[in-house]
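Hello,

Here is the structure I promised to pass on. My notes follow below it.

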Amino acid sequence: MRTSTPGPFAQLLGFELVHADAEGAEMSALPRSEHCNGGGILHGGYLSALLDSATGWAVHGALEPGQLAPHVHLDVQYLRAGRPDEPLRATARCLRRGRTILAAEAEITQGGRLLAKATSTHAVLR
């Protein structure tokens with residue numbers, strides 16, 4: 001299993017990497033009121049950033065050591081409003097690993113309820 005810490009941006013948002021390996025990745029977060037929009041629900045950008053991080057770690061687990069594969073596309077679907085001060089769980093897996101392109105998917109749950117999901121595409125840097 002590959003483990004590491006999330007980058008500075010993910011740490012700033014309070015994301016924690018639970019695990020990342022060839023099977024996928026899991027991240028957790030405890031959103032606060034500053035992660036909400038004006039309506040008091042979690043900002044879509046916060047959820048999107050968590051999905052971005054989770055798919056990135058899922059792809060990282062499928063790469064050879066030292067390889068990089070940044071996102072080239074992230075498609076997010078918001079399904080339910082999230083609330084602050086309740087833990088989030090993001091799970092992701094790499095769907096396909098080609099020579100130059102990888103695909104992944106992720107979902108976020110809060111209290112067992114699906115909030116958002118995403119698919120992503122990543123380009124392998126040579």
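Start with charges: Lys and Arg count as positive, Asp and Glu as negative, while His and the chain ends are not counted. Each charge is placed at NZ of Lys, CZ of Arg, CG of Asp or CD of Glu. On that basis, the mean positions of the 12 positive and 12 negative charges are 6 Å apart.

A word on the source. This is a predicted model, where local features need pLDDT of at least 70, side-chain atom pairs count only at pLDDT 80 or more, and totals for chains, interfaces and linings use all residues. Residues are numbered from 1 along each chain as its sequence is written, and side-chain values use heavy atoms, without hydrogens and water.

Now the fold. The chain has two helices and six strands (DSSP runs, numbered from the N terminus: H or I of at least four residues, E of at least two). Their order from the N terminus is α-β-β-α-β-β-β-β. Buried residues (under 20% relative accessible area, 1.4 Å probe, protein chains only) make up 40% of the 126 residues.

Last, the aromatics. Rings of Phe, Tyr and Trp (its six-membered ring) pair if their centres lie within 6.5 Å; planes under 30 degrees apart are stacked, over 60 edge-to-face, the rest tilted. The count is one aromatic pair. F15 sits in the loop between α1 (8-12) and β1 (16-21) and Y46 in helix α2 (residues 44-62), so the pair ties together parts 31 residues apart in sequence. F15 is buried at 3% relative accessibility; Y46 is buried at 4%.

Best wishes

Methods: Buried < 20%, exposed > 50% of the residue type's maximum accessible area, 1.4 Å probe, protein only.
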